[in-house]
Amino acid sequence: MPSLNQKLFAWFTENTEERRDKILGETKQHLFARANGTVAEIGMGTGSNMQYYPDGVKVIAVEPNEAMERYILENAAELGIEIDIRRSSAEELPLDDESVDTVITTHVLCSVADVQQSLREILRVLKPEGQYLFLEHVAAEQGTTLRVMQNIVRRLHAAAFNGCQCNREIGGVNMKNAGFESVAYRKKNLGGYLSHIKPHIIGAATK
Ligand SMILES: C[S@@+](CC[C@H](N)C(=O)[O-])C[C@H]1O[C@@H](n2cnc3c(N)ncnc32)[C@H](O)[C@@H]1O
């Protein structure tokens, strides 16, 4: 049974989707156009990214919060997508080695317990030519007002948003250290919904 916190977070995620789409939709559309074959989305949440997937992909959702599942199923049914949901976490992906063409995460690396282990797992499950597509919010530059703000509110933010670390430093170096062959990404402020989580990294890492 999901906890009350898990249920509330799932409800919140579903009911703020429209707002996020306004800010991130175009970027996601562009990024996910590159998805192909078997796609594993880690930390799928309620499944709002599926609307941006190209036709014909096979979708696996890895999501630890059981309360998200009914929303994933509803969203997948609306889009006519057949979905395979696996209740698990990024640190221990329930997927075979080299079994997936594309891995996607959006706003997930901020919440995982172990970023490096999660990235190593993503690398493990990707096929040799596989790609990891990501859109993640990250810490603002040290010394900026935004970073000071993030440092101040981080505990409150984590408590309110399911452990999300708003000042977590994540970048290409994490992916390189996990063993990805190449990483190409850009940093962009995509703001609006919660103003202190504007800086994002958007890109792809290949095996
Ligand atoms: C902020 S939500 C983002 C949901 C969705 N990716 C989106 O962009 O709408 C973070 C998601 O990561 C999931 N999550 C948290 N810890 C995780 C972990 N260790 N492994 C995989 N997913 C995790 C949460 O359950 C939640 O669905």
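Biologist: Which ligand atom does the backbone of Gly 43 reach?
Modeller: A nitrogen atom, which is 2.8 Å from a backbone N or O atom of Gly 43. Mind you, this is a predicted model, where local features need pLDDT of at least 70 and side-chain atom pairs 80 or more, while totals for chains, interfaces and linings use all residues. Numbering starts from 1 along each chain as its sequence is written, and side-chain values use heavy atoms, leaving out hydrogens and water.

Biologist: OK, and what about the side chain of Glu 63?
Modeller: An N or O atom there is 2.6 Å from an oxygen atom of the ligand. Thr 106 also has a polar side-chain atom 2.5 Å from a ligand oxygen.

Biologist: How much of the ligand does the protein bury?
Modeller: 91% of the 590 Å² that the ligand exposes when taken alone (Shrake-Rupley areas, 1.4 Å probe).

Biologist: Who else is around the ligand?
Modeller: There are 21 residues around the ligand, each with a heavy atom within 4 Å. Among those that come nearest are Ala 90 and Glu 91.

Biologist: New topic: how many aromatic pairs are there?
Modeller: 6, counting Phe, Tyr and Trp (six-membered ring) with ring centres within 6.5 Å. Phe 32 and Tyr 53 make one, 6.2 Å centre to centre with 80° between the planes, which is edge-to-face (over 60 degrees; under 30 is stacked, the rest tilted).

Biologist: Why does that pair tie separate parts together?
Modeller: Because Phe 32 is in helix H2 (17-32) and Tyr 53 in the loop between strands S1 (38-42) and S2 (58-62), parts 21 residues apart in sequence.

Note on methods
A polar contact is a pair of N or O atoms within 3.5 Å; within protein, one must be able to donate a hydrogen and the other to accept it, and residues adjacent in sequence count only if both atoms are side-chain atoms. Helices (H or I, at least four residues) and strands (E, at least two) are DSSP runs, numbered from the N terminus.
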